[in-house]
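User: I'd like to learn how to read a structure like this one, feature by feature. Can we start with the charged side chains?

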Amino acid sequence: GSGRDIETIINEAIRKAISQETVVTDELIHNEIATLALGPENKSHIIPEELFNVIVYHELGHAYIGKRNGKIAETVTIIPRWPSLGTAWLLDKNDNVLKEKQEILNDIQELVAWRQAERIFCNTETTWASNDYERAKRIALAYLTVYNFDYQVSEVETYRFYAATQQIENLPQEMQKEVHKVAAKIIEDQENIVYEVLKNHKDKI
C-alpha cells in the first residue's frame, strides 16, 4: 500500500492498543490491514442459523481453490465485513506484474468456486456474492480483448480476437457477440473444473 495507508494502519493499531491497555501486536496490525483491504468488521450482524453452513462452505470453496492454485489464504472468516457476510482473502505468493494465461483462468476459478461449493456441500445455490460473477466476467472479457489470449472452446474450434482494447464497446457488434459468447464459455469451463475438484476432495474441506 501507499505510505499514507501504512501510516493509517500503524496509527489505528496504536490507538486500539492504548484503548485496550496493551502493546501493539502483530494481530492488531494484521486486523488493521484487513480492515483497510476488506472493510470494517460488522459483529453486530447476526447470521441466520440456516445460512451458517452455506457461508462456511462458500468461503471454504474460495479458499480451497485459491490454495490449490498456489495462492495464500491470508484470512478466511465468517465474521461479516460490510458488505460481505464472510471473507476469503487470497494473496499471490509472488507479487508478479505479469500473469500467464493459466493464472488468469485460475483467478476466475477462485471467484466462481463459492457457487460450486454451495451446490456440493449444501445442495443449494444463493445469490450471495453474485458480484464475484461480475468480476469473473470482466476478467474473462479482458482475457480475450485486453490480453488477446486465445481460447479453445472445442477440439476443433479456437478463438483469438485480434483487437486489443480496454473497452469492448469499441469492437464491431458481431465481434462483441462472439467475445461475450466465448467469455461465457470460459466461465462455464472454469466452473466445471472447480466442481470436479471440490467433489473429488470433499473429505479435505
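Predicted model: local features only at pLDDT ≥ 70, side-chain atom pairs only at ≥ 80, totals over all residues.

User: What does K99 form a salt bridge with?

Analyst: The general idea is to look for a Lys or Arg side-chain nitrogen within 4 Å of an Asp or Glu carboxyl oxygen. Here K99 pairs with D107, and the closest N and O atoms are 2.4 Å apart.

User: Is D107 buried or exposed?

Analyst: Buried means under 20% relative accessible area. D107 has 14%, so it counts as buried.

User: How many salt bridges does the structure hold?

Analyst: There are 13. Another one to look at joins K101 and D150, at 2.8 Å from N to O. That pair links distant parts of the chain: K101 is in helix α4 and D150 in the loop between α5 and β3, 49 residues apart. As for cover, K101 is partly exposed at 32% relative accessible area, and D150 is partly exposed too, at 23%.

User: Which arginine side chain meets D150 in a salt bridge?

Analyst: R160, with 3.6 Å from N to O. R160 lies in the loop between β4 and α6, and the pair is 10 residues apart. R160 counts as partly exposed, at 36% relative accessibility.

User: Why would residues three or four places apart in a helix point the same way?

Analyst: An α-helix has 3.6 residues a turn, so residues at that spacing point the same way. Now look at the buried residues of α6, which include V179, V182, A183, I186, I187, Q190, V194 and L198. In α3, the buried ones include V54, I55, H58, E59, H62 and I65.

User: What do the buried residues of α6 pack against?

Analyst: They pack against α3, α4, α5, β3 and β4.

User: And which residues of the largest nonpolar core touch the most other members?

Analyst: To read a core, find the members with the most neighbours. Among its 24 residues, those are Y143, L144, Y151, V182 and I186. At least two residues of this core come from each of α4, α5, β3 and α6. Another core, of 7 residues, lies apart from it, with I65, I120, V194 and L198 among its members.

User: What does L144 touch?

Analyst: Leaving out residues up to four places away in sequence, L144 touches F149, Y151, F161, V179, V182, A183 and I186.

User: Which residues make the nonpolar surface patch?

Analyst: For a patch, look for nonpolar side chains on the outside. I6, I10, I14, I18 and V24 make one of about 430 Å². I18 sits in helix α1, residues 3-19, and I18 is exposed, with a relative accessible area of 62%.

Definitions and conventions
Residues numbered from 1 in each chain as written. Heavy atoms only, no water. Patch = residues over 30% accessible without salt bridge, like charges linked within 9 Å, V, L, I, M, F, W, Y side chains within 5 Å. Areas by Shrake-Rupley, 256 points an atom, 1.4 Å probe, with all protein chains shown as cover. Helix = DSSP H or I, 4+ residues; strand = E, 2+ residues; numbered from the N terminus. Buried < 20%, exposed > 50% of the residue type's maximum accessible area, 1.4 Å probe, protein only. Contact = heavy atoms within 4.5 Å. Core = buried A, V, L, I, M, F, W, Y, C linked by side-chain atoms within 4.5 Å.
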